[in-house]
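Subject: Structure handover

Hello,

Here is the structure for you to look over. My notes follow below it.

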There are 2 protein chains.
Amino acid sequence: MRASRFFIATLKEAPADAEIISHKLMMRAGLIRRLAGGIYTWMPMGLRVLRKVEAIVREEMNRAGAIELLMPAVQPFELWEESGRGPKYGPELLRFKDRHQRDFVIGPTHEEVITDVVRREVKSYKQLPRHFYQIQTKFRDEIRPRFGVMRGREFLMKDGYSFHASYADLEREYRNMHETYTRIFTRLGLKFRAVAADTGSIGGTGSHEFHVLADSGEDAIAYCSASDYAANVELAEALAPTTPRAVATQTMQKVATPGKTKCEDVAAFLGVPLQKMVKAVAVMRAEGGFGLLLLRGDHDLNEVKTQKVIGEFRFARDEEIVAALGCKPGYIGPVAGNKIAVFADRTVTTMSDFVCGANEAGFHLTGVNFGRDLPEPAQVADLRNIVAGDPSPDGKGALDICRGIEVGHIFQLRTKYAEALKCQFTDEQGKEQVMEMGCYGIGVSRIVGAAIEQGNDERGIIFPAAIAPFEVVIVPMGYAKSEAVRKAADGLLADLLAAGIDAILDDRDERPGSMFADWELIGIPHRVVVGERGLKEGKLEYKGRSDAEAQMLPAGEVLSFLKQSLCG
Amino acid sequence: MRASRFFIATLKEAPADAEIISHKLMMRAGLIRRLAGGIYTWMPMGLRVLRKVEAIVREEMNRAGAIELLMPAVQPFELWEESGRGPKYGPELLRFKDRHQRDFVIGPTHEEVITDVVRREVKSYKQLPRHFYQIQTKFRDEIRPRFGVMRGREFLMKDGYSFHASYADLEREYRNMHETYTRIFTRLGLKFRAVAADTGSIGGTGSHEFHVLADSGEDAIAYCSASDYAANVELAEALAPTTPRAVATQTMQKVATPGKTKCEDVAAFLGVPLQKMVKAVAVMRAEGGFGLLLLRGDHDLNEVKTQKVIGEFRFARDEEIVAALGCKPGYIGPVAGNKIAVFADRTVTTMSDFVCGANEAGFHLTGVNFGRDLPEPAQVADLRNIVAGDPSPDGKGALDICRGIEVGHIFQLRTKYAEALKCQFTDEQGKEQVMEMGCYGIGVSRIVGAAIEQGNDERGIIFPAAIAPFEVVIVPMGYAKSEAVRKAADGLLADLLAAGIDAILDDRDERPGSMFADWELIGIPHRVVVGERGLKEGKLEYKGRSDAEAQMLPAGEVLSFLKQSLCG
């Protein structure tokens, strides 16, 4: 490609509505242009990136045995009534009536349509399993579209749906997709984690999210750098500490802590570390009434985990706390006799000589010890969010916390849709059975934004070579003026293209600084400068996008050097 | 590919709502499945065809210098108000309000959006010309969607838009696109014609339609097989006959033709050929009042041409005819004195001894001659539709008439949109100018239907190799049972794939007749049968989709034979 025949639309400044770095850089690099809120034109430069992502996704899905088809964007609302999802879906679902007043939706997802196709086409266990996928433009009427293509209204998705005769076979395909997604994100050149996820509202059980790691990510992920363990912070298990409880060295004392109702304030006031504090959270359980949850002072309650232990609950109101403990909130604690139900986080049970509320306004207790000053907690469970440094649940090191952008999601839908839409098959015994289903999504356009969130610096985008709009840019110094430069640049372009390297020659003949800035902004991984001075010595200047310095290479070695860099 | 890993969904019967052959065959071959009226899922087999069409279109557009981008399907209605097209577009335009009550449309076409992009991005003549295109799913809310993908509501289109600093440059690009479209349809393997077209409602001047030739086509096309002349029948010029008028040999006589009011009936009644009849069509002109149009008995009036000659007109009512000629319709004619304005078609002026109405109920005149029985017609023009055998307007032979399906259209839009949306540039003199625009569409999904209308027989589809879902099918006889067959079939598949031939091996192990029928229905151009008997003699059976008989080929020559067939 030659820049003069392409369309480069870089901007000095990002528009004011661009909030995050990927949005700003995509606008400045001319990858996208806004048409309406959350609705963008993919400019030629951006479309190249999108298509490269799409091609890798398609290749790996095909390799994994999934079969591509293309379902309509417009779907009859009847199917959404049949699945039961129509009424539940909020205003994100774009509904409209056609000219004959029939109800339609612009599909944000295609579970209903594919299940309708399969229930008509697949009748026998012999035709199973099947995995169909598509790469298609979707529309979701977000209330506040933002972050450019990261949370747009119109976006490109790969959505796949698998159908199985048994749960065991669904599990096999689920593992196959876990591996396939891992291959896809690896080939895309992204740092990512597969994260055990809550299944949320889409239904079914068993689900992993694939996150591109970036500081700006919306989700917090607990991961182990010594293994591939990763989970949503809300779901990661906090193991019981392996260090035994230290023996008691202090006696219990009541100390005045006037006006200090927060854990942090009490610790500071008393001059003890936060790790020596036990905080008590008062709750009302749907079954069993009032209870106290005990957590170490520096830990946070995890409500999802807690609900699994104590059932439905809410936080206790002030008057309920006073009624149960005779003390207002801020000074409550577990040293309260046997009448109160106490649930201790695993970490708390290993604490000794700790500080807690005295159940008397203005006072705390220090040097408190289980089994002496209060009973050993009868019920111990994992009630807290993990923190960095916690041991990894797979026993392979310590956990760390990072932020991620969800770009893929795999679900075991089980029979949720197949049952509602009567998607059945005849098994080997001639019996009608409901199919097991999985679904597997990748946010193709979102990946472009996520890749930029992960790879950028003050000069612009740093694209992985696999999805950069071009792999190599040739920047000649004085293309119009110098025949030697022109010949060398043209020759190098021809050589690179012949070698299957996706190169562009910047023949616009602008100022060198302006051309360099454009291509660094756009994020091309490899740059070769062709200049008269270098040519006289038979050399070309090479610079990788992230290199601190350029280097001179013998002109004859540039091709093999780039081949090596790009193909390993 | 192996059939067991693909999805084949052939049907014995087409559904009742499939009216035309391509729709029936696409359903039966499992290329598409209906989701709602005019809305189809492209099944895996059909999607392969669609993608091959798309790839050829993309390659040739790129080669022609057009630059691909991707505009949103959802467009703000404001732009349609700005262009003035919004209010004019009928209910085919799908409009909706988003959750914030803003007006949007699902774009059936993208003139407004691309003009909006270009007016923001292109400021100088130095940035011109530019040609942007996209391949995108469109929605048009047809009142009566039918014919499967030929007139669907959701469909895939290539739409391109070019922007120029001068009309001369638009004309250059228009010719470039004419050539590009010719290359595209040639590569697709279709019989087609570029047809001079009326510009219709999209505006601007200069327009060609590209039609795939098929008997079932909606449009009649006049073409010259000795040249590339082709035009919509309504537009093709009927030249003046070159043979001079024969001398009069009869005298004019009034003959009784009771109850014979139609040209055909009078000719039959009198025993004269229809070519000896002159029919008179009575019209009321907006300027000039009553007039008679004269046509040869076997010719049809062309209203578009006529309007260009006599201005706005309508057909005369019975009472107006009686008032002007003293005779009711059915017996009127040009022998009526000088008081009547007569417009003769070119062919009529070369007739002699002709028959026409006598302007007296129940009578006609025979042996009528111009210059003797009535004046030479004062106004002569091309007023008729051409018929097969007419000379080609380019002087290169005779015209023939065929039917076509419009699959491409190129327009010179000129400044219609650029002016409305103020899409301007600064010229070399620093003056603001409005851009010249062209637009160029190809109905990608429609091409699939059109190709099938053109290529089919009683056994199914006959796809051109370039767009067949697979180029070659290998059908083994007893894949599961015979190791020799399995090895030979697997080996051939590997060889074909390695040679870049898109082959599928039917390893379903069904009855041979059923496998043959499936692949003939689907329209795979080349079939190789691997059987034990043939293998013993070192031979494989080959049959082209349109061949009457199969032939045995030495196994070692099959690859080179197929290479030869597919790559020329």
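**The interface**

Chain A and chain B bury about 4,400 Å² between them, with carbon and sulfur atoms giving 64% of that area. Buried area is the accessible area (1.4 Å probe) lost by two parts on being put together, summed over both. In chain A, the residues that lose the most area to chain B are A:Leu35, A:Leu70 and A:Arg99, together 16% of what that side buries.

This is a predicted model: local features need pLDDT of at least 70, side-chain atom pairs count only at pLDDT 80 or more, and totals for chains, interfaces and linings use all residues. Residues are numbered from 1 along each chain as its sequence is written, chains are lettered from A and ligands numbered from 1 in the order written, and side-chain values use heavy atoms, with hydrogens and water left out.

The contact (heavy atoms within 4.5 Å) takes 53 residues from chain A and 52 residues from chain B. Of the interface residues of chain A, 98% are also interface residues in chain B, so the copies meet through the same surface.

**Symmetry**

Chain A superposes on chain B by a rotation of 179° with 0.1 Å of shift along its axis, at RMSD 0.4 Å. In chain A, the C-alpha nearest the axis belongs to A:Phe96, 3.3 Å from it.

**Salt bridges**

A salt bridge here is a side-chain nitrogen of Lys or Arg within 4 Å of a carboxyl oxygen of Asp or Glu. One pair is B:Asp98 with A:Arg153, at 2.8 Å, N to O. A network of salt bridges links A:Arg51, A:Glu54, A:Arg58, A:Glu68, B:Arg51, B:Glu54, B:Arg58 and B:Glu68.

Within chain A, A:Arg187 and A:Glu60 meet in a salt bridge (2.8 Å, N to O). This pair links distant parts of the chain: A:Arg187 sits in helix 6 (residues 167-187) and A:Glu60 in helix 2, 127 residues apart. Helices are DSSP runs (H or I, at least four residues), numbered from the N terminus. A:Glu60 is buried, at 0% relative accessibility. A:Arg187 is partly exposed, at 34%. Buried means under 20% relative accessible area, exposed over 50%, partly exposed in between (1.4 Å probe, protein chains only).

Best wishes

Conventions:
Least-squares fit on C-alpha atoms with pLDDT ≥ 70 in both. Helix = DSSP H or I, 4+ residues; strand = E, 2+ residues; numbered from the N terminus.
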